[in-house]
Amino acid sequence: MIHRRSALGLMAGAGGLALSGGLAGCGREDGITRLTFWAMGNEGTHVPDILPAFEAANPGIRVVVQPQPWSAAHQKLLTAYAGASLPDVSQIGNTWVAELAAIGALSPTPEAAADLLTDQFPAVLETNAIAGRAMATPWYVDTRLIFLRTDILARAGFDAMPTDWAEWKRAMHAVKRVSGDGNFAILLPVNEFEQLLTFGLQGDQPLLRDQDTRGNFSSESFQAALAFYKSLFDEGLAPLASAAQISNVWNEFARGYFAFYFSGPWTIGDMKTRLPPEVQPHWTTAGVPGPTGPGASAPGGSSLAVFRSSPRQEAAWKLVRYLSDPAVQARFNVISGDLPARRSAWAAPKVASDPYVTAFNGQLARAKAVPKVPEWERIVTEMQVVAERMVRGEFSVQQAGAEIDRRADRLLEKRRWMIEQGRAA
């Protein structure tokens with residue numbers, strides 16, 4: 001375990017956070033155990049709606065929800081760790097698990113809670129495990145797949161979403177022809193890494209190699225992903241534009257500027273409420289095509305973390321158990337729109353009856369976990385920067401793969417050193 005202060009440094013504001021974050025969880029003389037629960041964004045708004053039933057079933061426990069903005073949540077958790085003021089339980093992004101585990105902040109799933117790890121999507125569960133041990137519990141899940149205009153696809157001569165790259169490329173060219181001048185087949189904002197990452201997950205070669213200490217972006221499978229991605233721009237199927245250059249997705253989707261769009265379940269609500277009535281019958285969701293058939297995607301969502309520093313472990317795990325209950329997750333889906341982590345919850349009528357949600361179930365079953373290294377978010381940011389330069393003509397496919405490897409290797413230098421020291425010891 002890395003020492004708290006040497007790992008994170010003394011953050012300016014840590015003392016204030018310790019005061020505001022710590023008091024809500026302190027014991028009082030009334031015999032009530034008070035749990036501090038940090039919840040981010042949409043969940044911070046809606047989770048209080050489902051907690052009265054938990055408190056009624058556990059009269060000796062009260063949950064104090066402290067909403068946090070997603071934009072500041074990651075840094076606040078690190079600052080709270082440095083200031084010894086972490087909450088008892090927190091919602092965390094799946095990609096943060098490795099980092100928080102590396103500094104020793106997480107309380108591993110106890111044997112008594114092992115049943116919470118059943119009835120889960122395998123790839124999502126894998127993102128929460130370090131060295132084979134669960135360090136957090138999936139709360140809700142998401143992934144990216146394709147939102148598409150079925151009417152434009154039909155005009156182009158296709159009655160269903162293609163499932164492989166070759167047929168999808170053929171459909172995109174047909175869509176481009178029927179969409180008119182100035183319109184495109186697909187939107188791939190060049191300042192986003194998720195689309196290229198999804199293409200890169202289709203291969204059977206890992207994205208990192210040598211115990212995740214070096215990039216593997218020059219591999220044959222990732223080179224195929226880079227080539228396919230680049231071809232969509234080279235052949236005029238995608239606009240060479242960043243997300244900031246798109247006024248808003250639903251307006252452009254409604255007017256036919258593009259017919260295919262990568263996004264997650266959070267976009268369902270936007271499409272339902274923002275698309276005009278005449279377009280509503282003509283859009284749906286579909287799985288990601290792969291090189292030869294239905295493809296993979298990265299598992300996303302949020303997990304529930306119990307922190308090692310909490311003196312209220314038993315009560316904290318009771319809360320995690322309640323929030324993991326399939327019936328509670330099905331109800332939370334209705335309230336918040338979040339997709340349940342427990343697979344049995346997808347059979348609940350309100351979840352199963354949503355036609356836009358159905359494709360996510362199949363896509364999550366095909367999801368593939370991304371490398372679990374603390375540097376991963378920085379690596380994919382560098383991947384996006386290089387990929388944008390590639391589609392603008394600065395790199396060939398081979399040069400781009402080599403450049404991403406070079407940048408990834410630099411970011412993973414400390415990890416290589418730590419593993420080499422471990423071998424030497």
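Just after helix α18, Gly393 adopts a positive phi of about 95°; helices here are DSSP runs of H or I with at least four residues, strands are runs of E with at least two, and both are numbered from the N terminus. The model is predicted, so to speak of local features a pLDDT of at least 70 is needed, side-chain atom pairs count only at pLDDT 80 or more, and totals for chains, interfaces and linings use all residues. Residues are numbered from 1 along each chain as its sequence is written, and side-chain values use heavy atoms, with hydrogens and water left out.

Helix α18 comprises 16 residues (376-391), and at 1.5 Å a residue it should span 22 Å, which agrees with the 23 Å between its end C-alpha atoms; the expected span is 1.5 Å times one less than the number of residues. Its buried residues are Trp376, Ile379, Val380, Met383, Gln384, Val386, Ala387, Met390 and Val391, where buried means under 20% relative accessible area, exposed over 50% and partly exposed in between (1.4 Å probe, protein chains only). Among the elements that cover them are α10 (194-200), β9 (208-209), α11 (220-234) and α19 (397-411), with contact taken as heavy atoms within 4.5 Å.

Helix α19 contributes Glu403, which is buried with a relative accessible area of 13%. Leaving aside residues up to four places away in sequence, Glu403 touches Val386 and Phe395. The Glu403 side chain also makes a polar contact of 2.7 Å with the side chain of Arg406; such a contact is a pair of N or O atoms within 3.5 Å, and within protein one must be able to donate a hydrogen and the other to accept it, while residues adjacent in sequence count only if both atoms are side-chain atoms.

In helix α17 (residues 355-365), the buried residues are Tyr356, Val357, Ala359, Phe360, Gln363 and Leu364. They cover an arc of only 150° around the axis, which puts them on the same side of α17; the arc is that of the directions from the helix axis to the C-beta atoms. An α-helix has 3.6 residues a turn, so residues three or four places apart point the same way. At the N-terminal end, Asp354 caps α17, with a side-chain oxygen 3.0 Å from the backbone nitrogen of Tyr356. The helix lies across β7 (145-149), β11 and β12, and runs at about 15° to β12; axes are lines fitted to C-alpha atoms, for helices over the stretch in contact, and angles run from 0 to 180 degrees between N-to-C directions.

These strands belong to an open sheet of four, ordered β8-β11-β7-β12 with mixed pairing, where two strands pair if DSSP finds at least two bridges between them. Its edge strands, β8 (186-187) and β12 (283-286), each pair on one side only. Two bridges link β8 to β11 (residues 260-263) in the parallel sense, and Ile186 has Phe260 as its bridge partner in β11.

Elsewhere, strand β6 (residues 137-142) is mostly covered, with six of its six residues buried. Five bridges join β6 to the antiparallel strand β13 (residues 300-306), where Gly301 is the partner of Val141.

Finally, Ala131 has a positive phi near 55° despite being a residue other than glycine. Ala131 sits in the loop between β4 (129-130) and β5 (133-134) and is exposed, at 83% relative accessible area.
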